[in-house]
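Welcome, and thanks for taking a look at this one. Below is a short tour, grouped by topic, to read alongside the structure.

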Amino acid sequence: AGVSLLALGNGAADVSATMSAIVSDEENGYKLALGALTGAAMLVGGVISGVVVLVAGGVPCRGALIRDVTALIVTVLAVWSTVATGEIGPSAISMFLTLYIVFVVLVLVADVYHRAVVLPRMAAAADNQELQRQMSVERQVNEAAGVSPTDAPPGTAAGNGLQPPQQQQQTQLPGPSTFSRVITAISNYDNPSQTPAGAGGADPAGGWGVDSDQLEQDRPIVLHGQNGILNDTPNRQGGSVPSSPARDDSGAYALVEDSMDQVCIAPNTGSYSAANWSGAWEDAKQELRDHASQVWDDIYFDADVPVLDKFFLTCELPFTFMRKITVPIPCEGYYNRATVALAMVVSPLWFAYYIYDGHGVNMFGPGVIFYFLGFWIITIIIAAVIIRYAPGGEGHMSLVVATPIALYGFCIAATWIDFVADHLVSLLNLMGIVLHIPGTIMGLTVLAWGNSMGDLSANLTMARKGLANMAMTACFAGPIFNILMGLGLGFSSLAANTGK
């Protein structure tokens, strides 16, 4: 998660700003981009990682940390050697993108190998050691009672035909190979002794990442939302009126409705959809009113929110409103049936404006409007189905339905990030011109600091929640993602626009 998802979440704005800076100015845009990437990497990899170590009370330096630092050093050297040549062509762009893909695949393969191969070997070694212990105890008991192994009762290990400890020593499983040790060292699951706890091995509490002997208790880590570790405030977005479960259970139409409910509603959540279409419409309007009231109360009537934060939230309120009605979020903690349906309807209009403002494509022009209207009608139908069959109140949408909606919302959110980053770069260029500050310095300071605030907040929160290892991984994997993907996609977009 720290290498891929968290790096993607924290670095999406950095990558988008880098791409906008490179594309906006063919001659000098890369200077602003390199300055921002350099400043952010220094701030996140130096200052923020140091603060994470202090907050966590120390972080062990194990294989995964060395892996990430080494990858960042290789990334910096690769970019420096390429930029020093004075030309960035298709081969350099391919190298940037390939380096990050190789890094992610290496980490993924190491983790999968550790789970699929190393863990079974460790379990077998633990079973073998436990068998030897039982045989040793039985031998002592039999010797004290004067019973030979051939006369042992059938229920005992010796009576079952198992070998005595002297012969067991000759059939012990081989220790971990050098390859297994290397793979384990660069994975996020590191047990240096390769021996499970309780079997005479080292205490895994000091290991890096997730302890191998505790993988059976692994649970998904929720970062955002109602139960997310990054959410420091209690959930106050409830209040939606749950739909009544009463309905007519007779007839073929009722069977279709039940089938739709089973598809849209997560099982064993106690959630219900609306009883009919008119009830769904009334519930949706009430949910919108309740959600708007909760957002308003959270800003202006929450005593825990400082006055300065209220001011900033007020300035952000128009953008918050636009994001809520254009980005569908079906995830737990953010789910609201009415806002998801409304976003499905409004998001095509936002996309039409975004594509026209950023790329000059008129979605309402001749030959294009029919495709746009067809897509818009599809989203309206999906919104109607969500209002009618999706769970109301604090229910949970089924994974089958929520996943494609979440992917669509991710794409719409990416357009917002690109839109904001493009205008941010324009403002920075204006400030640099007015104040006579070079673009490199603006990127190294203002843009780098602004892009790193999300990393600071997320990584410190994870460190306080006991996930310092993931935070440290994000401190170094994030800059790797920003540099390689930002420069690779940025120069690729520039080449596509200029034809060079």
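Of the 500 residues of the chain in this predicted model, 40% count as buried. The chain exposes about 26500 Å², and carbon and sulfur atoms supply 66% of that area. Its secondary structure comes to 14 helices and zero strands.

**Overall layout**

- Read from the N terminus on, the elements run α-α-α-α-α-α-α-α-α-α-α-α-α-α.
- Among contacts with a separation of 6 or more, 75% are made by residues 24 or more positions apart.

**Helices H3 and H4**

- Helix H3 covers residues 63-84, and helix H4 covers residues 90-145.
- The axes of H3 and H4 come within 11 Å and cross at roughly 175°.
- Because angles over 145 degrees count as roughly antiparallel, H3 and H4 are described as roughly antiparallel to each other.
- On the H3 side, the contact is made by Arg-67, Asp-68, Ala-71, Ala-78, Val-79 and Thr-82.
- On the H4 side, Ala-92, Met-95, Phe-96, Leu-99, Phe-103 and Val-107 take part.
- By class, the contact of H3 with H4 has nine nonpolar, one polar and two charged residues.

**Asp-68, a residue to look at in H3**

- Asp-68 sits in helix H3 and has a relative accessibility of 0%, so it counts as buried.
- Setting aside residues up to four places away in sequence, Asp-68 touches Phe-103, Thr-473, Phe-476 and Ile-480.
- Phe-103, one of these partners, also belongs to the H4 side of the contact between H3 and H4.

- Leu-37 is found in helix H2, residues 29-56.
- With 7% relative accessibility, Leu-37 counts as buried.
- Leaving aside neighbours within four places in sequence, Leu-37 is in contact with Thr-18, Asn-482, Ile-483 and Leu-487.
- Leu-37 and Gly-486 are 449 residues apart in sequence, yet their C-alpha atoms are 8.6 Å apart in space.

**Helices H10 and H11**

- Helix H10 (residues 337-359) and helix H11 (residues 369-389) pack at an angle of about 170°, and their axes are 8 Å apart.
- H10 and H11 are therefore roughly antiparallel to each other.
- From H10, the residues in this contact are Arg-337, Val-340, Ala-341, Met-344, Val-345, Pro-348, Leu-349 and Ala-352.
- They meet Phe-372, Phe-375, Trp-376, Thr-379, Ile-380, Ile-382, Ala-383, Ile-386 and Ile-387 in H11.
- By class, the contact of H10 with H11 has 15 nonpolar, one polar and one charged residues.

**Aromatic pairs**

- The structure holds 14 aromatic pairs.
- In one of them, the rings of Phe-375 and Tyr-408 have their centres 6.2 Å apart and their planes at 50°, so the pair is tilted.
- This pair links distant parts of the chain: Phe-375 is in helix H11 and Tyr-408 is in helix H12 (residues 399-435), 33 residues apart.
- Phe-375 is partly exposed, with a relative accessible area of 37%, whereas Tyr-408 counts as buried at 18% relative accessibility.
- Trp-416 and Phe-419 also pair: their ring centres are 6.2 Å apart and their planes are at 85°, so the pair is edge-to-face.
- Trp-416 and Phe-419 are three residues apart in helix H12, which means that about one helical turn separates them.
- Trp-416 counts as buried at 8% relative accessibility, and Phe-419 counts as buried at 16%.
- Ring pairs join Trp-416 and Phe-419 with Trp-350, Phe-351, Tyr-353 and Tyr-354 in a cluster.

- Where is His-436 found? His-436 lies in the loop between H12 and helix H13 (439-464).
- With 72% relative accessibility, His-436 counts as exposed.
- Most residues other than glycine have a negative phi.
- Phi of His-436 is near 60°, a positive value in a residue other than glycine.

Definitions and conventions: Residues are numbered from 1 along each chain as its sequence is written. This is a predicted model: local features need pLDDT of at least 70, side-chain atom pairs count only at pLDDT 80 or more; totals for chains, interfaces and linings use all residues. Side-chain values use heavy atoms; hydrogens and water are left out. Axes are lines fitted to C-alpha atoms, for helices over the stretch in contact, and angles run from 0 to 180 degrees between N-to-C directions. Helices (H or I, at least four residues) and strands (E, at least two) are DSSP runs, numbered from the N terminus. Angles under 35 degrees count as roughly parallel, over 145 as roughly antiparallel, 65 to 115 as roughly perpendicular and the rest as oblique. Contact means heavy atoms within 4.5 Å. Ala, Val, Leu, Ile, Met, Phe, Trp, Tyr, Cys and Pro count as nonpolar, Asp, Glu, Lys and Arg as charged, and the others, Gly among them, as polar. Buried means under 20% relative accessible area, exposed over 50%, partly exposed in between (1.4 Å probe, protein chains only). Accessible areas come from the Shrake-Rupley method with a 1.4 Å probe; for residues, only the protein chains shown count as cover. Rings of Phe, Tyr and Trp (its six-membered ring) pair if their centres lie within 6.5 Å; planes under 30 degrees apart count as stacked, over 60 as edge-to-face and the rest as tilted.
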